[in-house]
6 protein chains.
Amino acid sequence: MPQYDLSAAELAAYRGSVTEPTGLAAFWEETLQASRARARAPRVEPVDARLPLVEVSDVTLSGYDGEPVRAWYRRPAGVGGDLPLVIRYQGYTGGRGLPHQVPHWTLAGYATLDVDSRGQGSGGGWVGDTPDPHGHGPSYLGGFMTRGLEDPARHYYRRLLTDAVLAVDAGVALPGVDRDRVVVAGVSQGGGIALAVSGLHDGLAGVLADVPFLCDMPRGVAIASAGPYLEVAAFLASHRDAADRAFATLAHFDAAVLGRRATAPALMSVALMDTVCPPSTVHAARNTYGGPSELVVYPWNDHEGGQFHQEAAQLEWLAKLLGGPTPGRG
Amino acid sequence: MPQYDLSAAELAAYRGSVTEPTGLAAFWEETLQASRARARAPRVEPVDARLPLVEVSDVTLSGYDGEPVRAWYRRPAGVGGDLPLVIRYQGYTGGRGLPHQVPHWTLAGYATLDVDSRGQGSGGGWVGDTPDPHGHGPSYLGGFMTRGLEDPARHYYRRLLTDAVLAVDAGVALPGVDRDRVVVAGVSQGGGIALAVSGLHDGLAGVLADVPFLCDMPRGVAIASAGPYLEVAAFLASHRDAADRAFATLAHFDAAVLGRRATAPALMSVALMDTVCPPSTVHAARNTYGGPSELVVYPWNDHEGGQFHQEAAQLEWLAKLLGGPTPGRG
Amino acid sequence: MPQYDLSAAELAAYRGSVTEPTGLAAFWEETLQASRARARAPRVEPVDARLPLVEVSDVTLSGYDGEPVRAWYRRPAGVGGDLPLVIRYQGYTGGRGLPHQVPHWTLAGYATLDVDSRGQGSGGGWVGDTPDPHGHGPSYLGGFMTRGLEDPARHYYRRLLTDAVLAVDAGVALPGVDRDRVVVAGVSQGGGIALAVSGLHDGLAGVLADVPFLCDMPRGVAIASAGPYLEVAAFLASHRDAADRAFATLAHFDAAVLGRRATAPALMSVALMDTVCPPSTVHAARNTYGGPSELVVYPWNDHEGGQFHQEAAQLEWLAKLLGGPTPGRG
Amino acid sequence: MPQYDLSAAELAAYRGSVTEPTGLAAFWEETLQASRARARAPRVEPVDARLPLVEVSDVTLSGYDGEPVRAWYRRPAGVGGDLPLVIRYQGYTGGRGLPHQVPHWTLAGYATLDVDSRGQGSGGGWVGDTPDPHGHGPSYLGGFMTRGLEDPARHYYRRLLTDAVLAVDAGVALPGVDRDRVVVAGVSQGGGIALAVSGLHDGLAGVLADVPFLCDMPRGVAIASAGPYLEVAAFLASHRDAADRAFATLAHFDAAVLGRRATAPALMSVALMDTVCPPSTVHAARNTYGGPSELVVYPWNDHEGGQFHQEAAQLEWLAKLLGGPTPGRG
Amino acid sequence: MPQYDLSAAELAAYRGSVTEPTGLAAFWEETLQASRARARAPRVEPVDARLPLVEVSDVTLSGYDGEPVRAWYRRPAGVGGDLPLVIRYQGYTGGRGLPHQVPHWTLAGYATLDVDSRGQGSGGGWVGDTPDPHGHGPSYLGGFMTRGLEDPARHYYRRLLTDAVLAVDAGVALPGVDRDRVVVAGVSQGGGIALAVSGLHDGLAGVLADVPFLCDMPRGVAIASAGPYLEVAAFLASHRDAADRAFATLAHFDAAVLGRRATAPALMSVALMDTVCPPSTVHAARNTYGGPSELVVYPWNDHEGGQFHQEAAQLEWLAKLLGGPTPGRG
Amino acid sequence: MPQYDLSAAELAAYRGSVTEPTGLAAFWEETLQASRARARAPRVEPVDARLPLVEVSDVTLSGYDGEPVRAWYRRPAGVGGDLPLVIRYQGYTGGRGLPHQVPHWTLAGYATLDVDSRGQGSGGGWVGDTPDPHGHGPSYLGGFMTRGLEDPARHYYRRLLTDAVLAVDAGVALPGVDRDRVVVAGVSQGGGIALAVSGLHDGLAGVLADVPFLCDMPRGVAIASAGPYLEVAAFLASHRDAADRAFATLAHFDAAVLGRRATAPALMSVALMDTVCPPSTVHAARNTYGGPSELVVYPWNDHEGGQFHQEAAQLEWLAKLLGGPTPGRG
């Protein structure tokens, strides 16, 4: 796929097509308050992942409406004290994986929390364990984008983003976490979630958002040629009178809208041949982001984006941001 | 796609790969009994479809666990008395459509009932109006095959087939229906549902099942190269240890198993280049079907099967079966 | 396929790339006069379609050069008097279908005439019964677009459009037709034909043209990525010196040229992701159309366009236009 | 595409699925006699191809029903006397090409005649100049395979094969041809025509048939996954009741049937990954061929077959067969 | 892609199509001896991967003809003593990656050595740093499979497998390695290399070969529908007279031949929908393997095979085999 | 593929994106001088191609660093004296072919020299016989484009273009060549080589460059959607930090840079639907070409370009340029 989107100059100026919906702040305030009211302390159970270098725990945290969400909490084995924490959200259709699927940040000495996406967890071998009780267990190609398009209150991403915000609450409360050094992170859907969370949760130390999904969604639906934006286009192709309401709903979860409220520093990345998350949609998120940000541009990549090179860049950026993975006050 | 499946001689003898699960009868008896216990009389509201020739009513019937299921009830305008009724179930992802999407059977003088598939209703322009409250409203490519694969009690098709059986209950109770002349019908998923219903509901007058889905599912998953069987393959490709349980679950909804209990005469069709519902899976259903049956073979078609030619064959077959659409005892 | 064509503002202003060929009026006047001179009254033979609600007759009308063209004439059963008539032309490769393939307009109480496309009639299950008794020069894969590109007098669409115009003559002459309320209609090729006929036949009451083909053909050939415009591109890819003559020929049949002569009100539709009939080509036809017109825009559809939703829109528009399907002077 | 057809042992034994139709001999005798009765001597006009090494003439010969067929007659420049003649028929959609598209046989010293395929002549840059002045009934996307499937007397290949047989008559009559050393040749469709001609014309010296089309057509239609056999499958997919008649028609032109009458030695070739002309269909032709034959097998090729390597093999085989291109009695 | 290869019973019995070439033992003895004669001790240079948990060293070892081959040597940080070593070979086109791309075995406490594939190292983001300083004859699209097909002595895999065997020599010599507990491992090409090395190097403790490439290559070339076997088919499609020599060359590197000489226990895996490494080719390797072996079958996977699930199975299998990653004599 | 690149007006003005690298002249002067210093007289051996009309000789000429390069030298049989010579370079992956694959220029009376591309020679049936005895660093799927991207001195095209320039030296020295009438020619890669040679070798009489590759490479890599430019994009997608160096390397071989130094008249061609060599890249070469030039535009072609029509145009253009193929001083 060639470089098909706006020119470099246009990308640098592009701020997206979505206006903040009326009542957005109240919508989220009420949503989060209600779910937090039902939250319990996370349950943490050690598991044997056959990995002497890493301690892995199976966490059950409270998500939307108090419903359980599964996550893996990992720490360098034998390291005491409070560590910085990197919370990772998953790509579309993926789950938290198996216990031994350790992210690079753990090896770099950080504590990490890999959070399931409810109802997802069957894609690309990244299995999950969290049902969406407003429906069903993990399902493939689940059409999550189109569940509840008729009403923000019932849309799937209201539940998923609430899970994600409350995962930060839970992460801060985990034993051995330095609450002043919590970073949210993710690739694609995970990157979009991280950006959204950055606008919905105070006190974050940083944001890592790679080729993020969920940004400037109307444009994504109009010009993406692969990936889950096409689910919305396909839905609207049948439900021809539903577009206004659908986009009004999605605006409540648009990471290029929610991210305007963020203040934490962010490291983002974009790929100029990305057919799944078009470059302009990512630039819209970056150009309107509320906090300081850096953007790494990969001109020759499709949606795989920076991959291992971006991981290396993150390790360097985090070291500067957090002063290294050395334990804190613990 | 060429003719890729078994030879003609092998197809004639093939009886499928699925053994009836232990406790199948009890499973369905309890399921249906529980939902029937919560059923209410169907609500019937006339709508203006701008069609002087056809009376259209919006029906809300009680499905699984008493939950509402939407359907269109159509009759030739101005025709009194009790008419034979053809109940149609929908293809995968499709819904009951708009009021003016009238099936050929209505034009042939029969009453018809077009039943929504819960949670589906966004595919190919066939919109639906029935949510699956064990989850969500209509969603595209919703991965219905894989919702609840871990347990027959929680699988999506338990709810959908219960809806389908109770749609017969409701259909019989509609005003102007000759209860001795009720036929179930459908194409693809709809055909699979009709076959399954034929084994779960007594007293049916006939079954029309075209290129039916849901038959001999393990083989379908192993050799289909397009369509929803691939959802199961994709799910198992990630959940590598879930295959036994998944197929044990699906066996409860396999139309080539449930159809063994049927007694009503059936007209089926199969396409020998069908990549979605492989010819062998349809032959398995036909070769083990409990009642008398005819099979129309389309050697040169993919999953579109007999299409309009099969419709014409149905009108002829129904006329013989039912003695024409003349009103009965009404 | 994303939204790939001109922007909304550009579409609103775009008037196409084709200049009316010199002598166009004379070309058509002579063509139609010659064929009308050989026309005979349509032959109308009732057929049994097994549809008590609809009377179906097999019509043989006189087309180009007096050659027979087949059509289905359908009326609500038992309705006397003169009815409005909707004449439908078929999509590319399709024919008039089987007797029971009843359009929605018939159910809405209108008389309808479904006209075959000569030589076509094998696509998508829509069979036809009308040969094209004329040979042709070299053509790429035999597509109808390329038969006779060397000369307007010998091009396939000269014959097909003449058939279409004379089908109006025949329709007006059918028993039970209100000649003041005749509407021409079609989807894709059928829509292009309807637009062309609107410029070639006086006295029409209305035009229904959905995602019309045959409009602003040079642009269609340059930017379509699917469908029959590609036949012309493929032909010119071999016959590299034939482009000027080919487009000069096609200009005689361009619905965005012929429609400039129309006066009847038109309801059109366009899909912004249409890869077969690019949105700009449809806008060219609409923006230069001679009569009053409305355009329904489907932003998220490919060539399926508005489908059932557009059918519903048509029933409403026709009711306003024609005062309902009530019989007239009959 | 992998090796997908029968095993090597099965191929060696396979003799096809087509029985010679009743009256085949009479059908062709009458057909050829009628057209020969209307034949005139070929018209031969030198053209300037800017090729000092080759004399090129534009030939117009009498084909089916006396209709003109165009061909290029080429000879080594300045060579007198009667030369052996290789007559080439064209691949599907191709024509005789431009004057300078000289076959390898001409360079090898033979006279050659490149015969147009009526109505074709636009594919792959091989342009043609011969119209097919005959109309046809409904055909899928206008493919030549489906023109006249309803009746052998009206099928396209009756005309095309008659052209091909009469091209031998004309070739023999050309100035400077050694009538005892005439070879027919072709690739794909051209190879099928050559085989058919070998059974319809006496006195041929040899046959070159590479990856021939038109052999054992019912099997070709059932298992080919690319190319023109798919046109028949697509036609039958709509015209579901036309299969018996269609295959009865095609049997009159099946090169694996007509070739049984041949006596001239043949050099054939087959590719084991050929998706257009399946290996079994070619083996059926070879295994039932009436004369002596050699078969070159290309295990790793799709429909491109032996290409330049087969050309080299032909030059060697022809040299043995004909004693070299030395002039004869001229 | 459906399950397309042999049936389960046939797979269980299938032993492949390749006979051991004459002189195979001598070929490898001489090859290895010559390169070992030019080998030097590996150079080991620590690198900063920003990973406190893992020590990473950049190793330069002596491969074919003494040429340098790069590898990453990784150990759990701060763990003294001699550890078991897992040597990983890379998938087709991949390289050793970046320093922080740590395999799961390292986290499980084993020392690991990730060996570059010369000339490869650009695929899927797995970059490499090892050139192949040897030229080659004509090759199709430059694929490694076709470099030197004309002669085993010059084929690319002679050099690559020599590198792989000498990587074991080097691995054994690394500081902190328990030479009695060395395992070779890999996926796809890496799995094929591991199997080949198991037949070429004594004293290995175990072999991990997932969906291995390079097994029973003639069958792979005949039936694979994706991946690098197609490079050979494409080469032979042009070089039509080169097949015998090509397969004679490849037989020297066939893992289903070399593995017959192995004695170490092996854990293998196969996917029944694998289009790149057909299931029969893997079974051929397993069914003829010289040592004890287990085979994990993934019925619903394409070439991704067992992925993370297979990793987990490996950790368990290795723990049994090696008695855990506890340091040995060090 | 539609017309996707710049508009006609933009194409007419577009001059490309590549600046001449510093030291380009010295780079090539040294390169050519070094190789010429090692050159020997070409070896010419007659072969029997079984073509009485054409004399074919197998030439071995000295290429890069004195390494042997194979070519076919062809002349009209029996024609004495010095003839104009057309030197043809090959398309990507192709070789010089078999002896009997005679270009049209030979038939037109010119002497021709068909030069192998080292290491290539397996694509599309055009086999080659010239190895590339040089190794390379990591390259994606082994494509020639990516061999040595790290350094102009080691890049594949340094060797290939040197071969091409020295082939002119050799051609001039062949017996029977009129050294004042030497033309370089080629299609795609061959056209790019011809343009590059036109800037690197004095005294050429003309250049024929059809749909040339290797022009304005950064843009080609950014917008091509098929063909070998994608190899560079794929390489850079893994080697994310290599882009600057890669394009700096490629600039030394960019035909739109080297062609600026040319003085010979050129006939070029471009196809406006070309997905392999985008129209803008070809226009960049033409618009900056140093000598007089004509450009034939094919609006409806993909990368096949003008094909036989362009061949005919070349014969006419050459006749004017060279005064016909009549022998010169010989």
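1. How far apart are the nearest C-alpha atoms of chain A and chain D? They are 24 Å apart, and the two chains do not touch. Chain C and chain E have no contact either (contact means heavy atoms within 4.5 Å), and 24 Å lies between their closest C-alpha atoms.

2. A word on the ground rules. This is a predicted model, in which local features need pLDDT of at least 70 and side-chain atom pairs count only at pLDDT 80 or more, while totals for chains, interfaces and linings use all residues. Residues are numbered from 1 along each chain as its sequence is written, chains are lettered from A and ligands numbered from 1 in the order in which they are written, and side-chain values use heavy atoms, with hydrogens and water left out.

3. Now to the interface of chain E and chain A, where 29 residues of chain E are in contact with 29 residues of chain A. Together they bury about 2,200 Å², 73% of it on carbon and sulfur atoms; buried area is the accessible area (1.4 Å probe) that two parts lose on being put together, summed over both. Of the area that chain E buries against chain A, L53(E), L107(E) and F308(E) supply 31%, more than any other three residues.

4. Which element gives the most to the side of chain E that touches chain A? That is α11(E), with eight residues. The elements that each supply at least two residues there are α3 (104–107), β7 (126–127) and α11 (307–322) of chain E. Helices (H or I, at least four residues) and strands (E, at least two) are DSSP runs, numbered from the N terminus.

5. Do look at helix α2 of chain C, residues 24–37. Its 14 residues reach 20 Å from first C-alpha to last, close to the 20 Å expected at 1.5 Å a residue (the expected span is 1.5 Å times one less than the number of residues). Among its buried residues are L24(C), F27(C) and W28(C); buried means under 20% relative accessible area, exposed over 50%, partly exposed in between (1.4 Å probe, protein chains only). The cover over the buried residues of α2(C) includes α4 (156–173), α5 (189–200) and α9 (255–258) of chain C. E29(C), E30(C), Q33(C) and A37(C) are exposed, on the face turned away from the buried side.

6. Finally, F253(A) sits in the loop between α8 (243–250) and α9 (255–258) of chain A. Is F253(A) buried or exposed? Its relative accessibility is 1%, so F253(A) counts as buried. Beyond its neighbours within four places in sequence, F253(A) has contacts including F27(A), W28(A) and M217(A). The C-alpha atoms of F253(A) and M217(A) are 9.3 Å apart, though 36 residues separate them along the chain.
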